[in-house]
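Please examine the sequence and the fold displayed below. The questions that follow go through them step by step.

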Amino acid sequence: MQALEIVDWRRRVFALYAEVREHPDLSAAHDLWRRGRDELFAQHPASPLLDDDRDAFTGLRVPPYDPEWRFTCRIEPTDPHRMEVETGTDGIVPFERIGRVDVPGVGGLDVWRLATYGGGVFVPVKDALSRVPGGTYGGGRYLLDTIKGADLGGSPDSLVLDFNFAYNPSCAYDPMWACPLAQVGNTVDVEIPVGERYGSAR
């Protein structure tokens, strides 16, 4: 994979989320996000899909938008903690816990900062459907990964967490990727029925 192909992928993801944040209609914004990701997965040279999977790809499994799963959560202080993720190609990537959010009806989630060049906020989530066939990815999904453009907005002390936009990490599609996965502090006991499911068939 060419470095500039990855740059272009990220550029498009940043632009897609910028459109989502500015769109006045949340359901339409979600549909824009879904269609934009389908196009990237199907056509972009940096798609995480394997060649055989791309040939059979008809779209990501994303349920319709449900506004009940959108929250603005205040980041509360918590004990500091450091997580080091072995990624293979990028070596060890460090994360520092900068706080915790309490999501109504869901539970608490740790908020992480990428503790290296560029910074960025990272919030993964692993829900009870990760243990169900046809459910969500076993390693958890990403709600926010701002260093790569996945950012739904907020304020200096709060985050917009919309579970309709939860998506699978690249390692869910290609084992060559090594991704940071949801830890204990980002695992919840409830089923989260919105956001991307695991698998590429509708």
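Q: Which residues of the largest nonpolar core touch the most other members?
A: This is a predicted model, in which local features need pLDDT of at least 70 and side-chain atom pairs count only at pLDDT 80 or more, while totals for chains, interfaces and linings use all residues. Residues are numbered from 1 along each chain as its sequence is written, and side-chain values use heavy atoms, with hydrogens and water left out. A nonpolar core is a set of buried Ala, Val, Leu, Ile, Met, Phe, Trp, Tyr and Cys residues joined through side-chain atoms within 4.5 Å, where buried means under 20% relative accessible area, exposed over 50% and partly exposed in between (1.4 Å probe, protein chains only). Of the 53 residues in the largest core, those that touch the most other members are Val103, Leu109 and Phe163.

Q: Which residues does Val103 touch, not counting residues up to four places away in sequence?
A: Contact means heavy atoms within 4.5 Å. In soluble globular proteins, nonpolar side chains tend to be buried together. With residues up to four places away in sequence not counted, Val103 touches Phe71, Cys73, Leu109, Leu161 and Phe163.

Q: What pattern does the chain follow when read along the sequence?
A: Helices (H or I, at least four residues) and strands (E, at least two) are DSSP runs, numbered from the N terminus. The chain has 3 helices and 8 strands. Read along the sequence, the pattern is α-α-α-β-β-β-β-β-β-β-β.

Q: What is the radius of gyration of the chain?
A: The radius of gyration is taken over C-alpha atoms, and the globule rule is 2.2 Å times the number of residues to the power 0.38. The C-alpha atoms fill a box of roughly 45 × 40 × 35 Å along the principal axes. For 202 residues, a compact globule would have a radius near 17 Å, which agrees with the value for the chain, 16 Å.

Q: Which residue is the bridge partner of Val85 in strand 3?
A: Strand 2 and strand 3 (residues 92–103) are antiparallel and pair over 5 bridges. Within strand 3, the partner of Val85 is Val93.

Q: Which residue is the bridge partner of Pro124 in strand 6?
A: Strand 5 (residues 121–125) pairs with strand 6 in the antiparallel sense over 4 bridges. Strand 6 is mostly covered, with 5 of its 5 residues buried. The partner of Pro124 in strand 6 is Tyr142.

Q: Which residue in strand 8 is the bridge partner of Ser155?
A: Strand 7 and strand 8 form a hairpin with 2 residues between them. The two run antiparallel, and 2 bridges join strand 7 to strand 8 (residues 158–162). In strand 8, the partner of Ser155 is Ser158.

Q: Which residues point one way from strand 8, and which the other way?
A: In a regular strand the side chains alternate between the two faces of the sheet. Strand 8 is mostly covered, as 5 of its 5 residues are buried. Ser158, Val160 and Asp162 point one way, and the other way point Leu159 and Leu161.

Q: Which residue in strand 8 does Cys73 stand opposite?
A: Strand 1 and strand 8 run antiparallel and are joined by 5 bridges. The residue in strand 8 opposite Cys73 is Leu159.

Q: Which residues does Gly134 touch, not counting residues up to four places away in sequence?
A: Gly134 lies in the loop between strand 5 and strand 6. Gly134 is partly exposed, with a relative accessible area of 41%. The C-alpha atoms of Gly134 and Arg197 are separated by 7.2 Å, although the two are 63 residues apart along the chain. Not counting residues up to four places away in sequence, Gly134 touches Arg61 and Arg197.

Technical notes. Two strands pair if DSSP finds at least two bridges between them.
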